Amino acid sequence: MRAAGLIVADTLAKLRAAVRPGISTGELDAMAEEHIRSVGAIPSFKGYHGFPATICASVNEQVVHGIPSTKQVLREGDLVSIDCGAILDGWHGDSAITVPVGEVRPELLTMIEAAESGMWAGIAAAQAGARLSDIGSAVETGVRKVGKYGTVRGYGGHGIGTEMHQDPHVHNYGRPGRGPVLQAGMALAIEPMITEGSAKVVELNDGWTVVTKDASMAVHVEHSIAIFDDGVWVLTAHDGGVGTLPAEALSAVATRG
């Protein structure tokens, strides 16, 4: 899963560097598929329940599951959330980033910061012996430390391994101390989705794209992690989480590669 996670990390790094006004989400999708296949992996998303693309590219009020298109051209001031998955030797990696397109409103950069703050707080809470709801509570608290945003319900993180989506569902909100006990050997994807306005969302007629009901801007970020007795290992981060997680939450990633 670490190998699959690094392929996803590399792909997202390439796409982040490519985001600019004038590029289409369809072009980003083609880049992602070419890279994933060039290193011997398979896109997780393409064909999944009929999804037609390698990445989900969700722009502005699109929260998640946006379908890339050559007709959707990014403009100065947009936000684009890019969700990417890869399969290597039967194991999945899954991660998402939100990228500003050119110069954006400062408030939008703060919202990205809030989502990332919540994600990393949730990752740090995913310790062996903790409860599942401790993750969602930490995500919600981490977001609120930065600002007041809508937390999308009905969508969230999940178990991951030989399938992209496995139990348990991981909420991005809630009270701590509830749900099953987290154990070493579990792998989870933690993915906050927050909005600038109302948290209410609707699905478009394409059967995939989820948008904010009030057309407010949205942010989506995600990492896949593995839980060990001595902490967590961020499988889809190049440094394994060393540069972001507190020492007491961090697994001995340096000895694991």
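This is a predicted model: local features need pLDDT of at least 70, side-chain atom pairs count only at pLDDT 80 or more; totals for chains, interfaces and linings use all residues.
Trainee: Hi! What is the strand order in the open sheet of 5 strands?
Mentor: Good place to begin. The order is β8-β7-β9-β14-β15, and the pairing is antiparallel.

Trainee: And which are the edge strands?
Mentor: They are β8 (166-170) and β15 (231-234), each of which pairs on one side only. From one strand to the next, the twist averages 25°.

Trainee: Nice. Which helix packs on the sheet?
Mentor: Helix α4, residues 132-146, which touches β8 and β9. The helix direction makes about 40° with that of β8.

Trainee: Over how many bridges do β9 and β14 pair?
Mentor: Over 4 bridges, in the antiparallel sense, with β9 covering residues 187-190 and β14 covering 223-228. As one example, L188 has I225 in β14 as its bridge partner.

Trainee: Switching topic: how many aromatic pairs does the structure hold?
Mentor: There are 2. F51 and W208 make an edge-to-face pair, 5.0 Å centre to centre with 80° between the planes.

Trainee: What does that pair tie together?
Mentor: F51 sits in the loop between β1 and β2 and W208 in the loop between β11 and β12, so the pair links parts 157 residues apart in sequence. F51 and W208 are both buried.

Trainee: And how are F228 and W233 arranged?
Mentor: Their pair is tilted, with 6.0 Å between centres and 55° between planes.

Trainee: Is W233 buried or exposed?
Mentor: W233 counts as buried because its relative accessibility is 9%. F228, at 22%, counts as partly exposed.

Trainee: Last one: which residue lies over the face of Y173?
Mentor: That's R153, at 3.8 Å from the ring centre.

Key. Residues are numbered from 1 along each chain as its sequence is written. Side-chain values use heavy atoms; hydrogens and water are left out. Two strands pair if DSSP finds at least two bridges between them. Helices (H or I, at least four residues) and strands (E, at least two) are DSSP runs, numbered from the N terminus. Axes are lines fitted to C-alpha atoms, for helices over the stretch in contact, and angles run from 0 to 180 degrees between N-to-C directions. Contact means heavy atoms within 4.5 Å. Rings of Phe, Tyr and Trp (its six-membered ring) pair if their centres lie within 6.5 Å; planes under 30 degrees apart count as stacked, over 60 as edge-to-face and the rest as tilted. Buried means under 20% relative accessible area, exposed over 50%, partly exposed in between (1.4 Å probe, protein chains only). A charge sits over a ring if NZ of Lys or CZ of Arg is within 6 Å of the ring centre and within 35 degrees of the ring normal.
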